[in-house]
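Thank you for letting me take a few minutes of the meeting.

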Amino acid sequence: MGETLLNIRGLKTYFYTASGVVRAVDGVSFQLEKGKTMGIVGESGSGKSVTANSIIRLLPPAGKIVDGGITFDGKEMMSLSQKELQQMRGSDIAMIFQDPMTSLDPVFRVGDQMVEMIREHNKSLTRKEAWDMSLKALHEVGIPSPEKRMKSYPHELSGGMCQRVIIAMAVCCEPKLLIADEPTTALDVTVQAQVLDLMSELQKNHDTAILLVTHNLGVIWKMADSVMVMYAGNTVEYADTKTLYQNPLHPYTWGLLDSMPTLSGDSSKDLNTIHGTPPDLRLTGTCCNFYNRCKYASKICEECVPPLQEIEPGHFVACHRQCEGSRLERKG
Ligand SMILES: Nc1ncnc2c1ncn2[C@@H]1O[C@H](COP(=O)(O)OP(=O)(O)OP(=O)(O)O)[C@@H](O)[C@H]1O
Ligand code: SF4
Ligand SMILES: [Mg+2]
């Protein structure tokens, strides 16, 4: 096992709203090693982005981390001040979002934004040095005519090009962790593959760890060393990627895998879907959150929350019926 870069233990992030407390993240635990990629999957609203944003406390005022621990590169993130966190964002931890416009300021030219960000994190560099570094990085991520692009405004670039600029910024700062939240969802398929390849290059050249949030299990298979499956704010399964695909154990993971299209599949047949809908996150926390959709549910599932247990080395599952001495058989 390599050196742990990010260690999240029992993370709980709630939103205090007029209609009640929303348990967006209600027990998430995982570890990410230096230079490795971990994928987070789960359906919409399961808490993937709130988990990722909690790491750098990028939460709206209603959102609070109410429990758990986050250690990054030996530092306890909860005890850092806003100023220390600000320093860390962009330098030690870089982020790529689904909409690149979230990261780029529409009113400044690309080159000026890159230079400012580089100098913010390395104050000894001159403007000329930061400019040359930006040019080199844009070249490295395959932007044609980088000199010209440095003088463009973000709206003059395509979505794929903007994601490349953001990856180029990450290249300049050599972050230890890149958090990529649906980085390719808004891009067309060929550009998606290019952006993923660039992230892999960045990882290889700079030993960057990647936390990759995606709906796409195919992307996980291609990119991730390990996977965490989330459902209604909880980690329900967590393992290395190969184990998760070869020996998935949580009924929700089974549902996710069964709903994946396959190239060899019969296209005339409907895809399998997981029936029902996720629970209201204001009402969770008393039973297994998957209870109302699970065909394996029994009485205990309704009575208490299943703990996350290590069923085999490195393979964690939160299911009352998948534990030592009791195994479920997957139904077709
Ligand atoms: N500002 C907010 N106020 C109240 N609740 C919120 C807020 N932001 C998020 N939530 C709640 O947190 C839950 C998790 O949101 P999150 O954005 O992490 O989902 P996600 O898994 O990233 O979904 P998607 O795949 O659609 O991006 C949502 O279902 C929502 O109920
Ligand atoms: S704890 Fe029960 S309801 Fe939840 S996933 Fe396991 S079998 Fe299904
Ligand atoms: Mg999200």
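Which residues are around ligand 2? Before I answer, please keep in mind that this is a predicted model. Around ligand 2 we find Pro251, Cys288, Phe290, Tyr291, Cys294, Tyr296, Ala297, Cys301, Pro306, Cys319, His320 and Arg321. If we sort this shell by class, 10 of its residues are nonpolar, one is polar and one is charged.

Let us now move to ligand 1, which has 15 residues around it, and of these Phe15, Ala24, Ser44, Gly45 and Ser49 come nearest. The shell around ligand 1 divides into seven nonpolar, seven polar and one charged residues. At least two of its residues come from each of β1 (4-17), β2 (20-33) and α1 (48-55), and α1 gives the most, with three residues.

Next comes the sheet, which is open, with mixed pairing, and is formed by eight strands in the order β6-β7-β8-β3-β9-β10-β12-β11. Because β6 (93-96) and β11 (309-312) stand at the edges with a single partner strand each, one side of each is left without a neighbour in the sheet. On average, and ignoring direction, neighbouring strands here are turned by 20° against each other. To look at one pair in detail, β10 (residues 234-240) and β12 (residues 315-317) run antiparallel and are joined by two bridges, and Tyr238 has Phe316 in β12 as its bridge partner.

Finally, the helices: α6 (residues 159-173) lies across β6 and β7 (177-181), running at about 175° to β6, whereas α10 (residues 251-258) lies across β3 (37-41), β9 (226-231) and β10, at about 105° to β9.

Notes
Residues are numbered from 1 along each chain as its sequence is written. Chains are lettered from A and ligands numbered from 1 in the order in which they are written. This is a predicted model: local features need pLDDT of at least 70, side-chain atom pairs count only at pLDDT 80 or more; totals for chains, interfaces and linings use all residues. A residue is near a molecule or strand if its C-beta atom, placed from the backbone, lies within 6 Å of it. Ala, Val, Leu, Ile, Met, Phe, Trp, Tyr, Cys and Pro count as nonpolar, Asp, Glu, Lys and Arg as charged, and the others, Gly among them, as polar. Helices (H or I, at least four residues) and strands (E, at least two) are DSSP runs, numbered from the N terminus. Two strands pair if DSSP finds at least two bridges between them. Axes are lines fitted to C-alpha atoms, for helices over the stretch in contact, and angles run from 0 to 180 degrees between N-to-C directions. Two residues are in contact if their C-beta atoms, placed from the backbone, lie within 7 Å.
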